[in-house]
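Work through the exercises below with the sequence and the model open. Each task is followed by its solution in steps.

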Amino acid sequence: MRAITYFQRTVYFPDKPEKARFFSRLQSGQWEPGTFRNIARFVNGKTTYIDIGGWIGVTPYWAAQTADNVIVVEPDPVCFGILTEMKGANTGEVKLVNAALSQDECLVLNSVGGGFGSSETSALIADDTGMSIEAKTITIPELQAMARTERLCLKIDIEGYEYKVLDQFRAIDRKRTAGVLLAVHPQILAASLSGPAVLRVIRTAAATFRLIRSLRGFRLENPSALWGAIRKSVSKGELSGFDLLFVAR
(Lines give C-alpha, C1' and ligand atoms only; values in the text may rest on other atoms or scores of the structure.)
Protein backbone atom coordinates (compact mmCIF):
# COMPACT_ATOMS: atom_id res chain seq x y z
CA MET A 1 0.00 0.00 0.00
CA ARG A 2 1.10 3.55 -0.65
CA ALA A 3 0.64 6.28 1.97
CA ILE A 4 -0.64 9.57 0.50
CA THR A 5 -0.95 12.60 2.78
CA TYR A 6 -3.33 15.32 1.63
CA PHE A 7 -5.11 18.04 3.53
CA GLN A 8 -3.44 17.00 6.80
CA ARG A 9 -4.60 13.36 6.71
CA THR A 10 -2.93 10.20 5.44
CA VAL A 11 -4.80 7.58 3.41
CA TYR A 12 -3.35 4.26 2.22
CA PHE A 13 -3.94 3.32 -1.44
CA PRO A 14 -2.92 0.33 -3.54
CA ASP A 15 0.22 1.23 -5.44
CA LYS A 16 -1.10 1.99 -8.92
CA PRO A 17 1.63 3.36 -11.25
CA GLU A 18 -1.01 4.54 -13.73
CA LYS A 19 -2.36 6.91 -11.07
CA ALA A 20 1.03 8.41 -10.15
CA ARG A 21 0.21 11.78 -11.72
CA PHE A 22 -3.13 11.96 -9.94
CA PHE A 23 -1.54 11.03 -6.60
CA SER A 24 1.01 13.80 -7.12
CA ARG A 25 -1.76 16.36 -7.64
CA LEU A 26 -3.64 15.03 -4.64
CA GLN A 27 -0.61 15.19 -2.37
CA SER A 28 0.20 18.73 -3.49
CA GLY A 29 -3.31 19.90 -2.57
CA GLN A 30 -4.30 20.76 -6.14
CA TRP A 31 -7.19 18.28 -6.48
CA GLU A 32 -10.58 19.65 -5.38
CA PRO A 33 -9.50 21.49 -2.22
CA GLY A 34 -13.04 22.86 -1.80
CA THR A 35 -14.42 19.33 -1.51
CA PHE A 36 -12.20 18.54 1.45
CA ARG A 37 -12.91 21.87 3.12
CA ASN A 38 -16.62 21.13 2.94
CA ILE A 39 -16.28 17.56 4.15
CA ALA A 40 -14.24 18.79 7.13
CA ARG A 41 -16.88 21.44 7.77
CA PHE A 42 -19.89 19.10 7.85
CA VAL A 43 -18.44 15.79 9.07
CA ASN A 44 -17.61 15.19 12.71
CA GLY A 45 -17.77 12.37 15.23
CA LYS A 46 -21.56 12.52 15.29
CA THR A 47 -21.99 12.30 11.51
CA THR A 48 -22.67 9.49 9.07
CA TYR A 49 -20.93 10.47 5.84
CA ILE A 50 -22.56 8.94 2.74
CA ASP A 51 -20.31 9.02 -0.33
CA ILE A 52 -22.25 8.12 -3.49
CA GLY A 53 -19.67 7.58 -6.19
CA GLY A 54 -16.73 6.71 -3.95
CA TRP A 55 -14.34 6.01 -6.87
CA ILE A 56 -11.00 4.80 -5.41
CA GLY A 57 -11.54 5.99 -1.85
CA VAL A 58 -10.03 9.47 -2.02
CA THR A 59 -12.87 11.18 -0.17
CA PRO A 60 -14.51 8.39 1.90
CA TYR A 61 -11.36 7.10 3.60
CA TRP A 62 -10.26 10.68 4.27
CA ALA A 63 -13.65 11.47 5.85
CA ALA A 64 -13.64 8.21 7.83
CA GLN A 65 -10.88 9.59 10.05
CA THR A 66 -13.35 12.02 11.68
CA ALA A 67 -16.84 10.63 10.90
CA ASP A 68 -18.76 8.34 13.22
CA ASN A 69 -19.16 6.05 10.22
CA VAL A 70 -19.01 6.14 6.43
CA ILE A 71 -21.18 4.49 3.79
CA VAL A 72 -19.62 4.28 0.32
CA VAL A 73 -21.68 3.53 -2.79
CA GLU A 74 -19.70 2.49 -5.88
CA PRO A 75 -20.96 0.38 -8.83
CA ASP A 76 -17.75 0.24 -10.89
CA PRO A 77 -16.31 -3.27 -10.27
CA VAL A 78 -12.67 -2.19 -10.53
CA CYS A 79 -13.13 0.79 -8.22
CA PHE A 80 -15.08 -1.36 -5.77
CA GLY A 81 -12.20 -3.82 -5.70
CA ILE A 82 -9.80 -0.99 -4.83
CA LEU A 83 -12.12 0.26 -2.09
CA THR A 84 -12.27 -3.24 -0.63
CA GLU A 85 -8.51 -3.62 -0.75
CA MET A 86 -8.06 -0.31 1.10
CA LYS A 87 -10.43 -1.10 3.94
CA GLY A 88 -7.99 -3.07 6.07
CA ALA A 89 -5.19 -0.53 5.75
CA ASN A 90 -7.18 2.57 6.71
CA THR A 91 -8.82 3.75 9.91
CA GLY A 92 -12.50 4.43 10.54
CA GLU A 93 -15.69 2.47 10.17
CA VAL A 94 -16.50 2.16 6.46
CA LYS A 95 -19.33 0.17 4.91
CA LEU A 96 -18.95 -0.57 1.18
CA VAL A 97 -22.02 -0.92 -1.04
CA ASN A 98 -21.49 -2.26 -4.57
CA ALA A 99 -24.43 -0.54 -6.22
CA ALA A 100 -25.57 2.54 -8.13
CA LEU A 101 -27.98 5.19 -6.92
CA SER A 102 -31.25 4.64 -8.78
CA GLN A 103 -34.92 3.94 -8.24
CA ASP A 104 -34.73 1.30 -11.00
CA GLU A 105 -34.14 -2.33 -10.11
CA CYS A 106 -30.88 -2.39 -12.08
CA LEU A 107 -28.79 0.05 -14.09
CA VAL A 108 -26.50 -0.45 -17.08
CA LEU A 109 -23.12 1.23 -16.60
CA ASN A 110 -20.66 1.94 -19.39
CA SER A 111 -16.89 2.03 -19.15
CA VAL A 112 -14.91 5.02 -20.38
CA GLY A 113 -11.35 5.09 -21.71
CA GLY A 114 -10.95 1.40 -22.44
CA GLY A 115 -12.20 -0.22 -19.27
CA PHE A 116 -13.63 0.17 -15.81
CA GLY A 117 -11.76 1.84 -12.96
CA SER A 118 -12.03 5.35 -14.34
CA SER A 119 -13.75 8.15 -12.43
CA GLU A 120 -15.90 8.61 -15.55
CA THR A 121 -17.92 5.36 -15.54
CA SER A 122 -21.36 6.53 -16.68
CA ALA A 123 -24.92 5.30 -17.09
CA LEU A 124 -25.65 8.01 -19.67
CA ILE A 125 -22.92 7.70 -22.28
CA ALA A 126 -20.59 5.00 -23.57
CA ASP A 127 -17.31 5.08 -25.46
CA ASP A 128 -16.34 2.87 -28.38
CA THR A 129 -15.00 0.06 -26.18
CA GLY A 130 -18.55 -1.26 -25.79
CA MET A 131 -17.93 -2.50 -22.24
CA SER A 132 -20.91 -2.43 -19.93
CA ILE A 133 -22.23 -4.08 -16.79
CA GLU A 134 -25.60 -4.38 -15.10
CA ALA A 135 -25.29 -2.92 -11.61
CA LYS A 136 -27.41 -3.45 -8.55
CA THR A 137 -29.09 -0.32 -7.25
CA ILE A 138 -29.83 1.38 -3.95
CA THR A 139 -32.00 4.34 -2.97
CA ILE A 140 -31.57 7.34 -0.70
CA PRO A 141 -34.18 6.06 1.81
CA GLU A 142 -32.28 2.75 2.04
CA LEU A 143 -29.00 4.55 2.65
CA GLN A 144 -30.53 6.81 5.27
CA ALA A 145 -31.95 3.77 7.04
CA MET A 146 -28.42 2.30 7.17
CA ALA A 147 -26.95 5.41 8.79
CA ARG A 148 -25.97 4.99 12.42
CA THR A 149 -26.30 8.65 13.43
CA GLU A 150 -29.02 11.27 13.18
CA ARG A 151 -26.67 13.74 11.50
CA LEU A 152 -25.86 13.09 7.83
CA CYS A 153 -23.61 14.54 5.17
CA LEU A 154 -23.86 13.38 1.54
CA LYS A 155 -21.41 13.66 -1.33
CA ILE A 156 -22.87 12.69 -4.72
CA ASP A 157 -20.75 12.34 -7.86
CA ILE A 158 -22.42 10.01 -10.35
CA GLU A 159 -21.21 11.24 -13.74
CA GLY A 160 -24.36 12.76 -15.21
CA TYR A 161 -26.89 10.38 -13.70
CA GLU A 162 -27.70 13.07 -11.14
CA TYR A 163 -30.14 14.38 -13.76
CA LYS A 164 -32.08 11.09 -13.66
CA VAL A 165 -32.57 10.69 -9.89
CA LEU A 166 -34.47 13.83 -8.89
CA ASP A 167 -36.94 11.79 -6.85
CA GLN A 168 -33.99 10.45 -4.87
CA PHE A 169 -32.82 13.98 -4.11
CA ARG A 170 -36.31 14.90 -2.94
CA ALA A 171 -36.12 11.96 -0.52
CA ILE A 172 -33.03 13.30 1.27
CA ASP A 173 -33.97 13.92 4.90
CA ARG A 174 -33.90 17.70 5.29
CA LYS A 175 -33.93 17.51 9.09
CA ARG A 176 -31.00 15.10 9.43
CA THR A 177 -28.74 16.31 6.62
CA ALA A 178 -26.22 19.06 7.36
CA GLY A 179 -24.89 19.32 3.82
CA VAL A 180 -25.06 17.85 0.31
CA LEU A 181 -22.01 18.11 -1.96
CA LEU A 182 -23.25 17.56 -5.51
CA ALA A 183 -21.11 17.25 -8.62
CA VAL A 184 -23.03 18.35 -11.73
CA HIS A 185 -22.06 17.17 -15.23
CA PRO A 186 -24.11 19.06 -17.85
CA GLN A 187 -21.60 18.10 -20.55
CA ILE A 188 -22.44 14.41 -20.03
CA LEU A 189 -26.18 14.99 -20.17
CA ALA A 190 -25.84 17.07 -23.34
CA ALA A 191 -23.73 14.34 -24.95
CA SER A 192 -26.46 11.80 -24.22
CA LEU A 193 -29.16 13.85 -25.95
CA SER A 194 -30.06 13.91 -29.63
CA GLY A 195 -30.76 16.84 -31.89
CA PRO A 196 -29.01 20.10 -32.82
CA ALA A 197 -26.37 21.42 -30.44
CA VAL A 198 -28.34 24.54 -29.53
CA LEU A 199 -31.42 22.50 -28.62
CA ARG A 200 -29.33 20.11 -26.53
CA VAL A 201 -27.86 23.05 -24.60
CA ILE A 202 -31.34 24.48 -23.95
CA ARG A 203 -32.64 21.12 -22.76
CA THR A 204 -29.60 20.68 -20.52
CA ALA A 205 -30.07 24.15 -19.00
CA ALA A 206 -33.72 23.35 -18.23
CA ALA A 207 -32.74 20.02 -16.71
CA THR A 208 -30.12 21.74 -14.53
CA PHE A 209 -32.77 24.12 -13.20
CA ARG A 210 -35.01 21.15 -12.33
CA LEU A 211 -32.06 19.43 -10.67
CA ILE A 212 -31.43 22.39 -8.38
CA ARG A 213 -35.14 22.66 -7.62
CA SER A 214 -35.21 19.02 -6.54
CA LEU A 215 -33.12 20.03 -3.52
CA ARG A 216 -35.64 22.58 -2.26
CA GLY A 217 -35.54 22.77 1.51
CA PHE A 218 -31.77 23.20 1.41
CA ARG A 219 -30.00 26.49 0.80
CA LEU A 220 -27.69 26.65 -2.21
CA GLU A 221 -24.60 28.15 -0.62
CA ASN A 222 -22.46 28.66 -3.71
CA PRO A 223 -24.62 29.91 -6.62
CA SER A 224 -21.44 31.57 -7.91
CA ALA A 225 -20.24 28.10 -8.97
CA LEU A 226 -23.21 27.84 -11.34
CA TRP A 227 -22.67 31.29 -12.84
CA GLY A 228 -18.95 30.63 -13.11
CA ALA A 229 -19.64 27.42 -15.03
CA ILE A 230 -21.98 29.32 -17.36
CA ARG A 231 -19.33 31.96 -18.08
CA LYS A 232 -16.70 29.29 -18.64
CA SER A 233 -18.99 27.35 -20.96
CA VAL A 234 -19.71 30.46 -23.03
CA SER A 235 -16.02 31.39 -23.31
CA LYS A 236 -14.95 27.84 -24.21
CA GLY A 237 -17.92 27.07 -26.44
CA GLU A 238 -18.65 23.83 -24.57
CA LEU A 239 -20.41 22.88 -21.35
CA SER A 240 -18.39 22.59 -18.14
CA GLY A 241 -19.06 20.66 -14.96
CA PHE A 242 -19.27 22.24 -11.52
CA ASP A 243 -19.83 21.42 -7.86
CA LEU A 244 -22.78 22.70 -5.83
CA LEU A 245 -23.09 22.85 -2.06
CA PHE A 246 -26.52 22.62 -0.42
CA VAL A 247 -26.73 23.25 3.32
CA ALA A 248 -29.44 22.87 5.93
CA ARG A 249 -31.62 25.97 6.36
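Two strands count as paired if DSSP finds at least two bridges between them. The model used here is predicted.

**Exercise 1. State the strand order of the open sheet, and find which strands stand at its edges.**

Step 1. The open sheet is formed by seven strands, in the order β5-β4-β3-β9-β10-β12-β11. The pairing in this sheet is mixed.

Step 2. Strands β5 (94-97) and β11 (218-220) each have a single partner strand, so one side of each is left without a neighbour in the sheet. These two strands are therefore the edges.

Step 3. On average, neighbouring strands of the sheet are turned by 15 degrees against each other, direction ignored.

**Exercise 2. Determine the sense of pairing, parallel or antiparallel, from β3 through β9 and β10 to β12.**

Step 1. Strands of a sheet pair through backbone hydrogen bonds, in either the parallel or the antiparallel sense.

Step 2. Strand β3 (residues 47-52) runs parallel to β9 (residues 151-156), and six bridges join them. Within this pair, isoleucine 52 is opposite isoleucine 156 of β9.

Step 3. The pairing of β9 with β10 is also parallel, over five bridges. Here lysine 155 faces leucine 181 in β10.

Step 4. Between β10 and β12 the sense is antiparallel, with six bridges. Valine 180 has phenylalanine 246 in β12 as its bridge partner.

**Exercise 3. Identify what helices α2 and α9 touch on the sheet, and how each is directed relative to β12.**

Step 1. Helix α2 (residues 33-42) packs on the sheet and touches β3, β9, β10 (177-184) and β12 (242-248). The direction of α2 makes about 15 degrees with that of β12.

Step 2. Helix α9 (residues 223-236) also packs on the sheet, touching β11 and β12. For α9, the angle with the direction of β12 is about 165 degrees.

Step 3. A residue counts as buried under 20% relative accessible area. By that cut-off, eight of the eight residues of β10 are buried, and the strand is mostly covered.

**Exercise 4. Describe the second largest pocket by its volume and its lining.**

Step 1. The second largest pocket holds about 300 Å³ of space.

Step 2. Its lining has 15 residues, and those closest to the centre are Thr204, Ala205, Thr208, Leu226 and Ile230.

Step 3. Both α8 (197-213) and α9 supply at least two lining residues each. Helix α8 gives the most, with six residues.

Step 4. By class, the lining of this pocket divides into eleven nonpolar residues, four polar and no charged.

Terms used: Residues are numbered from 1 along each chain as its sequence is written. This is a predicted model: local features need pLDDT of at least 70, side-chain atom pairs count only at pLDDT 80 or more; totals for chains, interfaces and linings use all residues. Side-chain values use heavy atoms; hydrogens and water are left out. Helices (H or I, at least four residues) and strands (E, at least two) are DSSP runs, numbered from the N terminus. Axes are lines fitted to C-alpha atoms, for helices over the stretch in contact, and angles run from 0 to 180 degrees between N-to-C directions. Contact means heavy atoms within 4.5 Å. Buried means under 20% relative accessible area, exposed over 50%, partly exposed in between (1.4 Å probe, protein chains only). On a 1 Å grid over the protein atoms alone, a cavity is a set of points where a 1.4 Å probe fits but cannot get out, and a pocket is an open set with protein on both sides within 12 Å along at least five of seven lines; lining residues have an atom within 4 Å of a point. Grid points are joined across faces, edges and corners, and a volume is the space filled by probe spheres set on the points. Ala, Val, Leu, Ile, Met, Phe, Trp, Tyr, Cys and Pro count as nonpolar, Asp, Glu, Lys and Arg as charged, and the others, Gly among them, as polar.
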